[in-house]
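I'm opening my notebook on this one and jotting things down as I look them up. Let me get the picture up first.

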Amino acid sequence: MNPRRALIIRRRRPLGEPRAANAGATRMLEVLAEAGVDLLGPDTERTTWLLPQTVAGADLESGPDELFDVVLLGSHLVNTPDAALRTVLLGAAARHGRLDGHVLVEHHPLDWLETAAESWSERDGERLGMVDVRVDPPFVSAVSVFEVGGEVVRQPFTARVLTDDELRGALELAGLTVTRRLSPTWLEAVHAAESLS
């Protein structure tokens, strides 16, 4: 029996990828494991597709030329303020998934307009923070701060906070149907035709 294969689509880190090349992917997988997701066992072969920090539709023309059992769209890419780009990103995730596979989508919390606040965390010698938070519904703007090995990068961003209905609608535009909520920030979907069978 062939092992399951997963594609992880996420943003490239502003300070480059850490020595443990899959550290960003590992963070996502840990969150999903805590949520009891069993789609990504230890024998799953993983491929990571790193997108630039500022994603454009043209960036999605490349990437793996194969199909995967599970596709993860991470890094809150679905929360781009650009609705057309959101459709392209979800379309890319759907296009790389097998018809009988699963697409997992990470998004900002549904209540982020009420809860967005300055925050800091530290892990493995890296300090990550979010400062200068501004809420202008339906958008949250802030500056992400990355401190690694004495180097500091500040990266401003704006995210579009989506309601549950808006998330489901965006996935439907990409030919995907939500099958379940995995956690407060992850949805699972399948190809719409597969959900009818």
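**Ground rules.** I'm working with a predicted model, where local features need pLDDT of at least 70 and side-chain atom pairs count only at pLDDT 80 or more, while totals for chains, interfaces and linings use all residues. Residues are numbered from 1 along each chain as its sequence is written, and side-chain values use heavy atoms, with hydrogens and water left out.

**Sheet of six.** I looked up the strand order and got E2-E1-E3-E4-E10-E9, an open sheet of 6 strands with mixed pairing. My reminder on terms: helices (H or I, at least four residues) and strands (E, at least two) are DSSP runs numbered from the N terminus, and two strands pair if DSSP finds at least two bridges between them. Strand E2 (45-51) and strand E9 (176-183) are the edge strands, each pairing on one side only. On average, neighbouring strands here are turned by 20° against each other, direction ignored. Angles come from axes, which are lines fitted to C-alpha atoms (for helices over the stretch in contact), and run from 0 to 180 degrees between N-to-C directions.

Next I checked E1 (residues 5-11), which pairs with E2 in the parallel sense over 7 bridges. Arg5 stands opposite Glu45 in E2.

**Helices on that sheet.** H2 packs on the sheet and touches E1, E2, E3, E4, E9 and E10; contact means heavy atoms within 4.5 Å. The direction of H2 makes about 140° with that of E4. Helix H4 (residues 164-173) packs on the sheet too, touching E4, E9 and E10, and its direction makes about 140° with that of E9.

**Salt bridges.** How many salt bridges does the structure hold? I find 10, where one is a side-chain nitrogen of Lys or Arg within 4 Å of a carboxyl oxygen of Asp or Glu. Glu45 and Arg5 turn up again here, with their side chains meeting at 3.7 Å, N to O. They sit 40 residues apart, Glu45 in strand E2 and Arg5 in strand E1. Glu45 is partly exposed at 42% relative accessible area, and Arg5 is partly exposed at 23%; buried is under 20%, exposed is over 50% and partly exposed is in between (1.4 Å probe, protein chains only). Arg5, Glu45 and Glu66 are linked in a network of salt bridges.

I also noted Arg98 and Asp69, meeting at 3.5 Å, N to O. Arg98 is in strand E4 and Asp69 in strand E3, 29 residues apart.

**Sheet of four.** This open sheet has the order E5-E6-E7-E8, with antiparallel pairing. E5 (119-123) and E8 (151-160) each have a single partner strand, so one side of each is left without a neighbour in the sheet. I counted 9 bridges between E6 (residues 126-136) and E7 (residues 139-148), and Met130 has Ser144 in E7 as its bridge partner. The salt bridge of Asp132 and Arg154 spans 3.1 Å, N to O. Asp132 lies in strand E6 and Arg154 in strand E8, so the pair ties together parts 22 residues apart in sequence.

A cis peptide bond joins Pro137 and Pro138, with omega about 5°, and Pro138 is in the loop between E6 and E7. Is Ser75 buried or exposed? Ser75 is buried at 14%, and its phi is near 55°, positive though the residue isn't glycine. His76 has a positive phi of about 55° and is partly exposed at 24%. I place His76 in the loop between E3 and H2.
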